[in-house]
Amino acid sequence: MKLKTVVGLFLAVLMICFSFRCSASANKFIVADIEDRMPLPGTTVMSRNGTIVGFTDNNGSFSCDLGDMTLTLRCLGYRELTLKAYSDTVFMTPDTFELQEVVVDPVDKPVLKLRCYIREYTTGTYGNDTIQLFGEYMADYFLSEKKVKGFGPSKRTPYIRAKRLRARHKNAAGLDSIDRPDADEEFISWVDICSIDPFRHTVADSVVDGSVGVVMGKYGEFSSIRVNGSRLTYTRDILANHKNHHWSPGFFKMLGFTVDTSEMLSKEIYLLDDKRKYGPNTLQMATYTMEMTIKSKWVKKALRTKEPIKTYSTVEVYPVEAVYLTPQDAKDLEWDYSRKDITPSPLAPRLSQNIIEMLDADISN
């Protein structure tokens with residue numbers, strides 16, 4: 001990763017904050033699937049005003065002082081749920097949506113161009129200040145599981161074609177302002193690290209028949225695969241290979257930052273084809289959730305705070321178009337930024353009123 005990108009990434013992180021805090025005497029509840037009672041890790045928990053409170057852990061549990069708060073639960077492939085009263089177990093209902101057809105690749109067209117509608121929610125807090133960030137994007141992925149010049153298996157990250165960004169600032173003194181981040185130079189979002197696996201995989205018969213396919217990491221469950229009909233859900237816990245489920249990347253320390261990553265989870269839903277295969281050509285939607293605590297003398301001085309910065313991010317990816325290309329056609333389109341419009345996916349859930357207010361606000365800059 002280039003130094004400029006790393007620095008830019010942290011400039012973005014500095015803009016990420018939120019205002020809700022859990023108390024020491026927190027209530028604990030479990031979020032689970034209403035059909036098979038399996039826990040749902042990585043469920044995003046939002047407060048009444050649309051900021052992210054946190055995520056359920058690997059056991060699907062979440063601890064927080066509910067008080068009179070209304071919480072919204074969002075989990076990939078499930079209907080959004082509003083929680084107004086405490087319950088020790090909360091069940092979410094699988095969403096019903098029409099799966100898109102499998103896109104078949106011609107032999108002479110090895111590169112899959114996957115156009116995606118992406119949403120990014122980031123919230124966090126430092127001191128009494130809060131910043132809520134929202135972004136909408138259209139992005140292209142150029143994916144190939146074959147060795148194609150310029151488009152090999154290692155190319156997995158998106159090309160951003162269009163974006164719309166908003167930031168909402170609040171503090172204890174009553175500030176409540178909405179602006180547009182400097183997207184061209186200073187703002188680098190987590191969208192850039194949301195990769196898609198270019199390979200197609202075959203599912204074991206036992207998983208198709210109802211078993212859960214599990215791969216263990218060094219310190220816990222790294223991935224799981226579940227099949228329900230023709231829908232396959234693949235979950236990965238990136239921190240399963242890190243002790244105590246925490247990771248502090250060393251290259252950040254060289255820049256004067258201490259970053260404690262306590263959540264880095266991805267979930268993907270695929271359509272399983274008639275050969276028990278799934279891959280980018282059958283991807284229906286994906287989410288990436290991240291939780292971090294950032295400490296830095298420079299950050300504290302810049303933000304005039306003595307407290308660490310707690311951040312939460314959720315990125316949702318929805319493919320809206322898939323087409324296979326020849327290497328030359330893919331090369332011609334790789335740097336084509338002529339299309340600027342944002343086309344939401346019909347599978348994306350409704351936006352909260354708070355986000356709608358941010359998007360409709362009169363922005364002067």
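This is a predicted model: local features need pLDDT of at least 70, side-chain atom pairs count only at pLDDT 80 or more; totals for chains, interfaces and linings use all residues.

Visitor: How is the pair formed by F142 and Y159 arranged?

Guide: One reads the distance between ring centres together with the angle between the planes; planes over 60 degrees apart count as edge-to-face. For F142 and Y159 the centres are 5.5 Å apart and the planes lie at 85°, so the pair is edge-to-face. This pair links distant parts of the chain, with F142 in strand β9 (residues 129–143) and Y159 in strand β10 (residues 159–170), 17 residues apart.

Visitor: Are F142 and Y159 buried or exposed?

Guide: Burial is read from relative accessible area, and a value under 20% counts as buried. F142 is buried because its relative accessibility is 1%, and Y159, at 10%, counts as buried too.

Visitor: What is the arrangement of the pair Y234 and Y278?

Guide: The pair of Y234 and Y278 is tilted, with 6.5 Å centre to centre and 55° between the planes. Y234 belongs to strand β15 (residues 231–237) and Y278 to strand β17 (residues 277–278), so this pair ties together parts that are 44 residues apart in sequence. Both Y234 and Y278 are buried.

Visitor: Which residues form one aromatic cluster?

Guide: The cluster consists of F142, F151, Y159 and W335. The edge-to-face pair of F142 and Y159 was described above.

Visitor: Which other residues are in contact with R115?

Guide: Leaving aside neighbours within four places in sequence, R115 is in contact with M138, A139, D140, R161, Y318, P319, V320, E321 and R339.

Visitor: What does the side chain of D33 meet?

Guide: The side chain of D33 makes a polar contact with the side chain of Y78, at 2.5 Å. D33 lies in strand β1 (residues 27–33) and, because its relative accessibility is 3%, counts as buried. Beyond its neighbours within four places in sequence, the residues in contact with D33 include M38, L40, F91 and R226.

Visitor: Where is Q284 found, and which backbone oxygen lies 2.9 Å from a polar atom of its side chain?

Guide: Q284 is found in strand β18 (residues 283–295). The backbone oxygen in question belongs to T282. At 1% relative accessibility, Q284 counts as buried.

Visitor: How does one read backbone torsions, for example phi of N244?

Guide: Phi of N244 is near 60°, a positive value in a residue other than glycine. H245, which is not a glycine either, has a positive phi of about 60°. N244 is found in the loop between β15 and α3 (250–253), and H245 is found in the loop between β15 and α3 as well. N244 counts as exposed because its relative accessibility is 62%, whereas H245, at 21%, counts as partly exposed.

Visitor: How many cavities of 30 Å³ or more are found, and what lines the largest cavity?

Guide: The search finds 3 such cavities. The largest cavity has a volume of about 100 Å³. Its lining includes D105, L112, E145, K146, R200 and Y324. By class, that lining has 6 nonpolar, 1 polar and 4 charged residues.

Visitor: What can be said of the protein as a whole?

Guide: The protein has 6 helices and 19 strands. Buried residues make up 50% of its 365 residues. Among contacts between residues at least 6 apart in sequence, 68% join residues at least 24 apart.

Key: Residues are numbered from 1 along each chain as its sequence is written. Side-chain values use heavy atoms; hydrogens and water are left out. Contact means heavy atoms within 4.5 Å. On a 1 Å grid over the protein atoms alone, a cavity is a set of points where a 1.4 Å probe fits but cannot get out, and a pocket is an open set with protein on both sides within 12 Å along at least five of seven lines; lining residues have an atom within 4 Å of a point. Grid points are joined across faces, edges and corners, and a volume is the space filled by probe spheres set on the points. Ala, Val, Leu, Ile, Met, Phe, Trp, Tyr, Cys and Pro count as nonpolar, Asp, Glu, Lys and Arg as charged, and the others, Gly among them, as polar. Helices (H or I, at least four residues) and strands (E, at least two) are DSSP runs, numbered from the N terminus. Buried means under 20% relative accessible area, exposed over 50%, partly exposed in between (1.4 Å probe, protein chains only). A polar contact is a pair of N or O atoms within 3.5 Å; within protein, one must be able to donate a hydrogen and the other to accept it, and residues adjacent in sequence count only if both atoms are side-chain atoms. Rings of Phe, Tyr and Trp (its six-membered ring) pair if their centres lie within 6.5 Å; planes under 30 degrees apart count as stacked, over 60 as edge-to-face and the rest as tilted.
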